[in-house]
Amino acid sequence: MEKRDLISITDFSKADYLRIMELAAEFEANPNQELLKNKVVATLFFEPSTRTRLSFETAINRLSGRIIGFSDSSSSSVVKGETLHDTIRMVSNYADMIVMRHPLEGSARYASEVASIPVINAGDGANQHPSQTLLDMYSIKKTQGSLDNINIFMVGDLKYGRTVHSLLMAMSEFENPIFNFIAPPELAMPDEYKRFLKSKNIRYFEHTQFTDIISEADIIYMTRVQKERFTDPIEYEKVKNVYILKKKMLKNTKPTMKILHPLPRVNEIHPDVDASPHAYYFTQALNGVFTREAIISHIMGVK
Ligand code: CP
């Protein structure tokens, strides 16, 4: 059987997305299933992570798999100069699947070409974060009842935020999405993604503020300004607090509107929002466990 990887969200079809949604709901109802017994999964994190690594590792544990890997590449032979190629070749011999985060765009695709086992991209630079997208979609489906006819406000760092890039591409497969991009010019959605939407005749609008149109949102997807991707710290300082969502801004929103954030947050959502019925980001992170159980099972063909 040919191996399956998840590197870009477009590696999965709409049918795959729907299957993942279905499986995630099954795992939410019954998280502990012995589907990965005697399987070893390597989690290779060349870049910091809390949620992605821990929720993947929780998912693997709940499926009775075993985990090897590192959360800090400075404890690996990378510091001695070992290449990504050789690291992946080696780990392919030890494990049945690789989950990898790496700062370089394209590194996950390269790893999947070198590896003889499935590779899941847990984030490659500013490029893609497909497992985050699937858990975002699961969160949207759970809270809105459907993935069709969703008006999504994407707010903050739309240039470097890999999660918005993947989410936009996946949601474009569903009926009648509307995207509102809210960013300062320095952090605007890159042209390639706008061209992609145009090619599919999907509506998008660009703004620098959103309080006057907030009543239209089904989902407000907040993002952190990605400090680590800036080459000039002064440029980061200029935009780091460009949007701060506060409870008082939520008065005219739809009752069903939910606020998502891939997390970690810095200042972009004030803590006074946390108690609002619109705040969904912590549940969204929990949904990551069920969704990652679904992704792993789907790729390994065990469900
Ligand atoms: N959402 C996300 O990728 O979080 P971490 O960086 O903590 O993994």
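The following legends describe close-up views of a predicted model.

**View 1. An open sheet is formed by four strands.** The strands are arranged in the order β2-β1-β3-β4, and their pairing is parallel. At the edges stand β2 (66-70) and β4 (119-124), each of which pairs on one side only. On average, neighbouring strands of this sheet are turned by 15° against each other, direction ignored.

**View 2. Strand β1 pairs with strand β2.** Strand β1 comprises residues 40-45 and runs parallel to β2, to which it is joined by five bridges. Within this pairing, Ala-42 has Ile-68 of β2 as its bridge partner.

**View 3. The largest nonpolar core contains 55 residues.** The residues with the most contacts inside this core are Leu-134, Met-137, Met-154, Phe-179 and Ile-296. Helix α9 (residues 281-300) gives the most to the core, contributing seven residues. At least three residues come from each of domain 1 (9-129 + 288-300) and domain 2 (131-285).

**View 4. Leu-134 is shown with its contacts from elsewhere in the sequence.** When neighbours within four places in sequence are left aside, Leu-134 is in contact with Leu-6, Ile-9, Phe-12, Tyr-17, Ile-20, Met-21, Thr-291 and Ile-295. Another core, of 20 residues, lies apart from the largest one; among its members are Ile-214, Ala-217, Leu-245 and Ala-279.

**View 5. A salt bridge joins Glu-28 and Lys-142.** Side chains of opposite charge can pair when their charged atoms come close. In this pair, the closest N and O atoms are 3.0 Å apart. Glu-28 belongs to helix α1 (residues 14-29) and Lys-142 to helix α5 (residues 130-144), 114 residues apart. Glu-28 has a relative accessible area of 29% and is therefore partly exposed; Lys-142, at 36%, also counts as partly exposed.

**View 6. Glu-47 and Arg-162 form a salt bridge.** The closest N and O atoms of this pair are 3.5 Å apart.

**View 7. Glu-173 forms a salt bridge with Lys-200.** Here the closest N and O atoms are 3.1 Å apart. Glu-173 is located in the loop between α6 and β6 (178-182), and Lys-200 in the loop between α7 (191-199) and β7 (203-207). Glu-173 is partly exposed, with a relative accessible area of 33%, and Lys-200 is likewise partly exposed, at 33%. Elsewhere, salt bridges with shared partners join Asp-191, Lys-194 and Glu-206 into one network.

Technical notes: Residues numbered from 1 in each chain as written. Predicted model: local features only at pLDDT ≥ 70, side-chain atom pairs only at ≥ 80, totals over all residues. Heavy atoms only, no water. Pairing = 2+ DSSP bridges. Helix = DSSP H or I, 4+ residues; strand = E, 2+ residues; numbered from the N terminus. Axes fitted to C-alpha atoms, helices over the stretch in contact; angles between N-to-C directions. Core = buried A, V, L, I, M, F, W, Y, C linked by side-chain atoms within 4.5 Å. Buried < 20%, exposed > 50% of the residue type's maximum accessible area, 1.4 Å probe, protein only. Domains from an automatic or database assignment. Contact = heavy atoms within 4.5 Å. Salt bridge = Lys/Arg side-chain N within 4 Å of Asp/Glu carboxyl O.
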